[in-house]
Amino acid sequence: AALDDLVFAAWDPLPEDAHESAVHAGVLDRSHLDPLEPFLRSLRPLPAAFDRAFVRRLDGPNVKRGGKREQAEALREDIRSFRATAGCDRAVMVWCASTEVYLERGPAHESVASFERAMDCDDPTIAPSMLYAWAAIMEGIPFANGAPNLSADIPALERLARERGVPIAGK
């Protein structure tokens, strides 16, 4: 694919466009951001599946409502809508959000059935990044974790990815 063929979407609990967010974050110099300003301003985030218990120093109004299953299903709908609207033949999801709190693997993470039951019960061991990974895998989209979170690297999601032939990577 040519660079001009790539399209982007994002979720974020903060509603600011990508330029405003990048300026506020202060990671890149304005001299790097300003040439990209029109493009970055065109990127407005979708409401995020977010749980402040996993990222305690961040909060925002641009969040999905409902339980974990409802949020995960809403992510799937966002993916389908974006792909249809943008005319995407292929997609990939990269988790590049804030690092979540440390979480150890537990019973909810051992099988696809236990994971999905845990989503239905709003189990506190199901992190938002896991919801994104599950949604991506269910939609046949490769998922790359760009943070040290316990995310797609749990037996349930590894098994689901193998069953569906969806690549997962990262830590």
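Helix α4 passes α6 in a right-handed crossing, meaning that the near helix is turned clockwise from the far one by less than a right angle. This is a predicted model, where local features need pLDDT of at least 70 and side-chain atom pairs count only at pLDDT 80 or more, while totals for chains, interfaces and linings use all residues. Residues are numbered from 1 along each chain as its sequence is written, and side-chain values use heavy atoms, without hydrogens and water.

Stay with these helices. The α4 helix covers residues 68-86. Its axis and that of α6 lie 9 Å apart, at an angle of about 45°. Who touches whom? Leu 75 and Ile 79 are among the α4 residues in this contact, and α6 brings residues including Leu 131 and Trp 134. Contact means heavy atoms within 4.5 Å.

Now the rings. There are 3 aromatic pairs, with ring centres within 6.5 Å. Phe 8 and Phe 39 form one that is edge-to-face (planes over 60 degrees apart). Their centres are 5.9 Å apart, with 75° between the planes. Phe 8 sits before α1, Phe 39 in helix α3, and 31 residues separate them. Phe 8 is partly exposed at 47% relative accessible area; the term covers values between under 20% (buried) and over 50% (exposed), with a 1.4 Å probe and protein chains only. Phe 39 is partly exposed too, at 40%. Ring pairs also link Trp 11, Trp 95 and Tyr 132 into a cluster.

Last, a loop. Asp 122 lies between α5 and α6. Its phi is positive, about 55°, although Asp 122 is not a glycine.

Terms used:
Helices (H or I, at least four residues) and strands (E, at least two) are DSSP runs, numbered from the N terminus. Axes are lines fitted to C-alpha atoms, for helices over the stretch in contact, and angles run from 0 to 180 degrees between N-to-C directions. Rings of Phe, Tyr and Trp (its six-membered ring) pair if their centres lie within 6.5 Å; planes under 30 degrees apart count as stacked, over 60 as edge-to-face and the rest as tilted.
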